[in-house]
Amino acid sequence: CTDPDSGRAAGSRSGEPCLQFAQCATCDNALFLIDSPEHVARIMKAKTALEEYRTRCEAGHGSMARFNAVFAQTLAVAGEVLNRVRPEIRTEAEPLRASMPSFPLEE
């Protein structure tokens, strides 16, 4: 959210933390839409690429220290975001994810 203290969500008050923080994709403060299959598919695709890179690093085909310093936090956030996505949106996003081009990280 670009302004979680704006008081825009139902029941929230200006100057106080949003009661719907990180839950409402229809809010005009949202940074990404967790109810959009297209947005969710991109997050899923990125998470897959990060997981594949972590696996390569764990196997000795990259630097685990570099992964941890540069990519681990992004992977954790992607997981947190996807955990908040409704199952029916994830189901709609899956075929879209599969059709998107890959973006390999540091071969």
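**A charged pair and its surroundings**

Mentor: At 32% relative accessibility, Glu94 counts as partly exposed. Keep in mind that this is a predicted model. The partner of Glu94 is Arg97, and their side chains meet in a salt bridge, 2.6 Å from N to O. Both residues lie in helix α3, 3 residues apart, about one turn of the helix. Arg97 has a relative accessible area of 18%. Buried means under 20%, so Arg97 is buried.

Why can such pairs form? Side chains of opposite charge can pair when their charged atoms come close.

The count comes to 4 salt bridges. One of them joins Glu88 to Arg86, with the closest N and O atoms 2.7 Å apart. Glu88 is partly exposed at 41% relative accessibility. Arg86 is partly exposed too, at 42%.

Another links Glu51 with Lys47, where the closest N and O atoms are 2.5 Å apart. Both sit in helix α1, 4 residues apart, about one turn of the helix. Glu51 is partly exposed, with a relative accessible area of 25%. For Lys47 the value is 22%, again partly exposed.

Now look at α2. The buried residues of α2 pack against α1 (37-58) and α3 (87-99). Among those buried residues are Phe67, Leu75 and Leu82. Phe71 is buried as well, and α2 bends by about 55° at Phe71. The helix covers residues 64-83, and its end C-alpha atoms are only 25 Å apart. A straight helix would reach 28 Å at 1.5 Å a residue.

Terms used
Residues numbered from 1 in each chain as written. Predicted model: local features only at pLDDT ≥ 70, side-chain atom pairs only at ≥ 80, totals over all residues. Heavy atoms only, no water. Helix = DSSP H or I, 4+ residues; strand = E, 2+ residues; numbered from the N terminus. Expected span 1.5 Å × (residues − 1). Bend = angle between axes of the 7 residues up to and from the residue. Buried < 20%, exposed > 50% of the residue type's maximum accessible area, 1.4 Å probe, protein only. Contact = heavy atoms within 4.5 Å.
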